[in-house]
Amino acid sequence: MSSRDVILGRVRRALGGPAAPPTSYDTDIDRGYRREHGERTVEQTVDLLAENLADYRAIVHRADSGELPELIAWLLAARGARTVLVPPGLPPEWLSAADPTRVHDRADSTAAELDRVESVVTGCAVAVAETGTLVLDASPDQGRRRITLVPDHHIVVVRVPDQVVSAVPQALERLDPTRPLTWISGPSATSDIELDRVEGVHGPRTLEVILVSGD
Amino acid sequence: MSGTFVGMPAFPKAAHDAVRNTTLRANLRHATHTIRDKRARAVAELDDWAQLREAGKQIKDHTLRHLEHYLVQLEESVTAAGGTVHWAADADEANRIVTRLVRDTGESEVVKVKSMATQEIGLNEHLEAEGIHAYETDLAELIVQLGDDRPSHILVPAIHRNRGEIRDIFEKEMGRWGRPAPDGLSDTPAELAEAARLHLREKFLRAKVGVSGANFMVAETGTLVVVESEGNGRMCLTLPETLISVVGIEKIVPTWRDLEVFLQTLPRSSTAERMNPYTSMWTGTSDGDGPQTFHLVLIDNGRTDTLADEVGRQALRCIRCSACLNVCPVYERAGGHAYGSVYPGPIGAILSPQLRGTTSDIDASLPYASSLCGACYEVCPVAIDIPEVLVHLRERVVQGGEVTRRGAKVTLKPAKGHAAERAAMRAARWAFTHPAALATGQRLASRTRRFHPRTLPGPGRAWTATRDLPAIPAEPFRDWWQRTDGGKDAGK
Ligand code: SF4
């Protein structure tokens, strides 16, 4: 007998025989919890996102779409970045004012190559205000998962208010589970040493978020 | 479970030694109190906490009742998404499967994300014996691994080490495994973290095989979820060419939507954050993004035996948040190592004896490693009634009875000559400093429970047979505990 059969057989016996198919799922679970917490206007939701991002030590900026290229250029310059990773579908105008050399992630580029790049700029799929979370889904403006992981500086552009939801349940609704998803709440952090929070053991140590309005 | 902790003294002895280690106790006390207070604030932000907790409990119970269906569904969805599913009835089989999968890649090194399932089966030791080196990449696990030590907490495994100890370990050991610690390393957490970053990055960048566990597996979609803080998880999950995830069969949730419950309750219960810094979700393989080969190893290793016990089964709801550890007065004093298993604290006291059976000294004594104060139940985000299971297991130790071991029904003999009761008394003695305090503790404890017995159930029955339990006092146990500093005054 295969171990698969052994385990499934044990499960069946443990539960006292073959179980009926779970037709009762929808009625079994009491989903009396909230879809979101509190009532907020759209602006208040965006403000809450900014506040919670900052609370988890992301650096938050605001801009309208016209100011965006200047702001990105300035942030990269302030960081002294000489190279910047660019996902394939990043709107070209976002980096139109920036000086650093663009590095495009290719299928054959190695992790060691990525390790030499200083900054990365991406969009995001959705942002969750109540938790201060950005979700990346590897769409063309975000690129492969590794490009937002290896460089030490990540700039994320969030379109407000379109890409902002209040709470986790609303975020899951918008996401496609077949895509690889990365949820980011603040920069990489550890509290392993006497529970002192330290930013960055492995992921980017600096996370900058630009909340951009207008089209 | 594997023999990782073979030779471990029973809980009372190990706890007694731990209590005398004042550094350990100070570290633990600081840590558990800090997280505990923060958690209360994080939970208070959600006014529907009770409903989220209830939904979490119901989802897990429903899944367990229909586990066969969801396991088969999960296998189908993972396979459809490009992954390969393997089944392991016990630790040995899981280790053999993983070893073979690593061998097939031709590699002799793997990078690992902290995972309790792989600790439970003793995977690192097994791989090492087979000539494959497994590098732990979580900062705390690195500290533990370099220190040739064992983890003591689910979430902060090196909670028992302070910064000075960590600096010494890094200076002495890092060079033996790769990039040495920088010269003149200080003991500030920032510098220590930087040393770990450099040491580990070297490993990530060349790793071809990653090994992980998972916090959740979604049957409907085949999605696996790993929740973490540091990004070492993301490194292991995305940079290698091959990913092997070793996961207990109880980690399933039926639908994508169910994650909305646990992604709200898990971070707040564990690290007391609104959301942990990183969560990775992947469904099979994705073209050109992340590992191109994905293996899921589903392990039983005592879980179906636990499922067969109608009272004890609820332990399988556990999402390993570790909130119960941080509120447990016994854990705070004894430390995680005393529990002799990868699952310490209250959850360890009910899970380990079920996964492994209660035949060894350590496992027979674990159900007594508690004051039954009920604090663990109150904080548990999936409402596991840990005290209820403890009492149930005590009864099993003392009275024997029918249990399921490796899928077969067996009848346990009662523990000989009140050995268990003696174990209980010894366990209690160190926990409460003085036997009089124990009496107070148990009396008060009963108030916070649903049962208000005249005689204690299980082994307590023999003990109380000749004594009436006094009327239940008005003061809750934990208030009493705080007021008297854990019974120091009451016992005098
Ligand atoms: S038993 Fe409950 S509180 Fe303890 S680790 Fe598991 S889920 Fe968390």
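Which strand of chain B do five bridges join to strand β11 (residues 401–405) of chain B? The partner is strand β12 (residues 408–412) of chain B, and the two run antiparallel. The model is predicted: local features need pLDDT of at least 70, side-chain atom pairs count only at pLDDT 80 or more, and totals for chains, interfaces and linings use all residues. Residues are numbered from 1 along each chain as its sequence is written, chains are lettered from A and ligands numbered from 1 in the order in which they are written, and side-chain values use heavy atoms, with hydrogens and water left out.

**Interface of chain A and chain B**

- Chain A brings 76 residues to the contact, and chain B brings 96 residues. Contact here means heavy atoms within 4.5 Å.
- About 7,500 Å² is buried between chain A and chain B. Carbon and sulfur atoms give 56% of that area. Buried area is the accessible area (1.4 Å probe) that two parts lose on being put together, summed over both.
- Between the two chains, 38 residue pairs are in polar contact, with both residues at pLDDT 80 or more. A polar contact is a pair of N or O atoms within 3.5 Å; within protein, one must be able to donate a hydrogen and the other to accept it, and residues adjacent in sequence count only if both atoms are side-chain atoms.
- Several elements of chain A each supply at least two residues of the side that touches chain B, among them α1 (3–14), α3 (42–55) and β9 (181–184). Helices (H or I, at least four residues) and strands (E, at least two) are DSSP runs, numbered from the N terminus.
- α1(A) gives the largest share of that side, 10 residues.
- The side of chain A that touches chain B divides into 35 nonpolar, 19 polar and 22 charged residues. Ala, Val, Leu, Ile, Met, Phe, Trp, Tyr, Cys and Pro count as nonpolar, Asp, Glu, Lys and Arg as charged, and the others, Gly among them, as polar.

**Salt bridges**

- The whole structure holds 38 salt bridges over all chains. The rule finds 13 salt bridges across the interface of chain A and chain B. A salt bridge is a side-chain nitrogen of Lys or Arg within 4 Å of a carboxyl oxygen of Asp or Glu.
- R31(A) pairs with D258(B) in a salt bridge, with the closest N and O atoms 2.6 Å apart.
- R12(A) and E68(B) also form a salt bridge, at 2.8 Å from N to O. This pair crosses between chains, from helix α1 of chain A to helix α4 (residues 67–80) of chain B.

**Strand pairing**

- β9(A) pairs with strand β9 (residues 278–283) of chain B in the antiparallel sense, over four bridges. Two strands pair if DSSP finds at least two bridges between them.
- T182(A) has S280(B) in β9(B) as its bridge partner.
- Within chain B, R405(B) has A408(B) in β12(B) as its bridge partner.
- β11(B) and β12(B) form a hairpin with two residues between them. R406(B) lies in that turn, with a positive phi of about 50°, although R406(B) is not a glycine.

**Chain A: domains and backbone**

- Chain A is divided into domain 1 (1–31) and domain 2 (38–213). Domain bounds come from an automatic or database domain assignment.
- The C-alpha centres of the two domains lie 42 Å apart.
- The peptide bond from V160(A) to P161(A) is cis, with omega near 0°. P161(A) sits in the loop between β7 (153–159) and β8 (164–165) of chain A.
- A138(A), a residue other than glycine, has a positive phi near 65°. A138(A) is in the loop between β6 (133–136) and β7 of chain A.
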